[in-house]
Amino acid sequence: MANRYAVILAAGQGTRMKSKLYKVLHPVCGKSMVQHVVDQVNELELEKIITIVGHGAEMVKETLGESVSYGLQEEQLGTAHAVMQASEYLDGKEGVTIVLCGDTPLITAETMEALLHCHEEEKAKATILTAHIENPTGYGRIIRNASGQVERIVEEKDASLEEKAVKEINTGTYCFDNKILFEVLQQVNNNNAQGEYYLPDVIEILQKQGKVVAAYQTPLFEETIGVNDRAALSKAEEIMRKRINEEHMRNGVTLIDPSQTYISADAVIGQDTVIYPGTFLHGEVIIGEECEIGPHSEVKESRIGNNTTIKQSVVHESKVGDGVNIGPFAHIRPQSILGDDIKIGNFVEVKKSTMGNGSKASHLSYVGDAEIGENVNLGCGSITVNYDGKNKYLTKVEDGAFVGCNVNLIAPVTVGKDAFIAAGSTITDNVPSDALSIARARQTTKEKYVSKLQDKKNS
Ligand code: UD1
Ligand code: CA
């Protein structure tokens with residue numbers, strides 16, 4: 001098999017997105033468009049992948065890291081000019097080069113393989129990935145001659161009315177004989193409506209030279225969407241969401257309503273987990289088996305064990321064990337580590353805290369900067385007072401302690417093992433293990449006070 005290379009074009013600003021964020025960095029299901037393309041390309045066996053960067057070059061490089069090489073296109077003079085920026089790696093090399101756009105996030109490795117296969121079968125010097133679509137607006141059109149051979153590609157802005165009616169489009173993905181590609185790129189000019197060096201013009205040049213130019217029309221036209229604006233972005237998101245959700249369902253995850261379940265491309269979900277509508281799983285989320293997530297929950301960059309339930313709640317950048325019950329209406333904030341068999345009930349917020357197995361905060365608590373041991377009960381309304389307006393302090397509650405309702409634990413403070421804190425206490429000093437602390441004013445009761453007050457008024 002000939003050497004295979006890939007060039008991914010990602011230097012454009014993406015003016016039509018009307019965004020401060022460079023186009024190829026816009027996320028689709030939580031992953032940037034160009035990363036989607038790179039991930040699929042990485043599934044092919046290639047000698048080298050070169051991404052052409054320009055606008056936002058540093059940010060694109062930061063996103064993609066060292067999995068690819070980079071060519072810098074300082075001025076965006078068009079797609080042919082962009083490919084030329086890979087010449088330091090590819091010029092003169094024997095082999096096949098697949099060229100892709102960083103704004104076609106849905107294209108799969110299988111389709112790329114099918115294109116490469118067709119290119120090799122046809123012994124072509126260039127093969128275009130085309131698709132038939134009902135509304136071809138915005139895409140380059142494939143112009144074929146009377147015998148069905150591809151003659152050239154015409155851009156929308158340069159197309160005649162008759163050409164605009166063509167529904168076979170250039171998907172922006174191609175295979176080339178590498179050596180010939182870099183020779184021909186020199187001959188592309190910018191005499192067109194946009195004053196750009198168009199990569200599609202290579203096709204006409206090769207055709208005129210009598211070289212074999214082939215086209216592979218994919219039946220999976222939805223894969224080929226080029227995202228130039230926000231409307232296309234939402235369409236791509238919808239298709240990608242469907243693809244991701246279907247894969248989870250095939251792997252044994254129940255989605256009650258997939259159309260209202262938003263799972264990031266990087267999520268891993270165990271078998272027999274049920275996800276209810278209105279649930280968002282953002283970024284790298286790992287969820288175990290037999291969990292129930294949602295409805296209306298958000299889990300971001302977190303790891304959830306098995307048999308855990310999260311209802312109407314938010315969990316960010318945290319680790320949650322097995323058999324945990326969260327919600328409804330709880331908030332687990334970053335750097336929290338919850339053990340197994342824990343209960344976090346309604347209106348409880350946990351921040352940067354650890355909780356040992358079997359502990360509970362069932363109602364209306366704030367647990368911040370705390371180390372809570374095992375089998376601790378934090379009563380309704382118990383609060384860690386962790387902040388003095390300047391610094392944050394640690395609260396420790398050791399195994400088996402029972403903190404009554406409406407208790408303030410003024411940090412830094414430690415509640416010892418099996419200690420008991422009476423309801424309504426404001427704890428400022430450490431509580432030794434096994435002790436009972438009561439820190440509240442004694443109740444005074446004035447008998448018949450109300451009627452005496454009434455008598456005074458009437459006299
Ligand atoms: C391009 C094709 C069009 C095809 C469509 C498929 C050209 C001239 N037109 O049009 O035939 O139907 O893709 O989606 O190629 N880029 C650079 N440097 C540049 C210009 C563009 O790196 O100087 C990159 C962009 O970042 C983008 C890709 O190339 O990822 C395509 O550019 P874009 O401007 O989106 O081209 P389209 O108008 O969509
Ligand atoms: Ca595009």
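**Figure 1. Pro 328 lies in the loop between β24 (325–326) and β25 (331–332).** Strands are DSSP runs of E with at least two residues, and helices are DSSP runs of H or I with at least four, both numbered from the N terminus. A cis peptide bond, with omega about 0 degrees, joins Gly 327 to Pro 328. The model is predicted, with local features requiring pLDDT of at least 70 and side-chain atom pairs pLDDT 80 or more, whereas totals for chains, interfaces and linings use all residues. Residues are numbered from 1 along each chain as its sequence is written, chains are lettered from A and ligands numbered from 1 in the order in which they are written, and side-chain values use heavy atoms, without hydrogens and water.

**Figure 2. Pro 295 occupies the loop between β18 (292–293) and β19 (298–300).** The peptide bond between Gly 294 and Pro 295 is cis, and its omega is about 5 degrees. Most peptide bonds are trans.

**Figure 3. Phe 347 is found in the loop between β27 (343–346) and β28 (349–351).** Its phi is near 55 degrees, a positive value in a residue other than glycine. Most residues other than glycine have a negative phi.

**Figure 4. Ligand 1 sits in the largest pocket.** A pocket is an open set of points on a 1 Å grid over the protein atoms alone, with protein on both sides within 12 Å along at least five of seven lines; a molecule sits in it if more than half of its atoms lie within 2 Å of its grid points. The elements giving two or more residues to the shell around ligand 1 are β1 (4–10), α3 (79–84) and β10 (168–177). The largest share, 3 residues, comes from β10.

**Figure 5. Gln 73, Thr 79, Gly 140, Glu 155 and Asn 170 come nearest to ligand 1 among the 25 residues around it.** A residue is near a molecule if one of its heavy atoms lies within 4 Å of it. Polar contacts are pairs of N or O atoms within 3.5 Å. A polar side-chain atom of Gln 73 is 2.7 Å from a nitrogen atom of ligand 1. Oxygen atoms of the ligand lie 2.8 Å from a backbone N or O atom of Gly 78 and 2.6 Å from a polar backbone atom of Asn 170. The protein covers 92% of the 750 Å² of accessible area (Shrake-Rupley method, 1.4 Å probe) that ligand 1 has on its own.

Key: A polar contact is a pair of N or O atoms within 3.5 Å; within protein, one must be able to donate a hydrogen and the other to accept it, and residues adjacent in sequence count only if both atoms are side-chain atoms. On a 1 Å grid over the protein atoms alone, a cavity is a set of points where a 1.4 Å probe fits but cannot get out, and a pocket is an open set with protein on both sides within 12 Å along at least five of seven lines; lining residues have an atom within 4 Å of a point.
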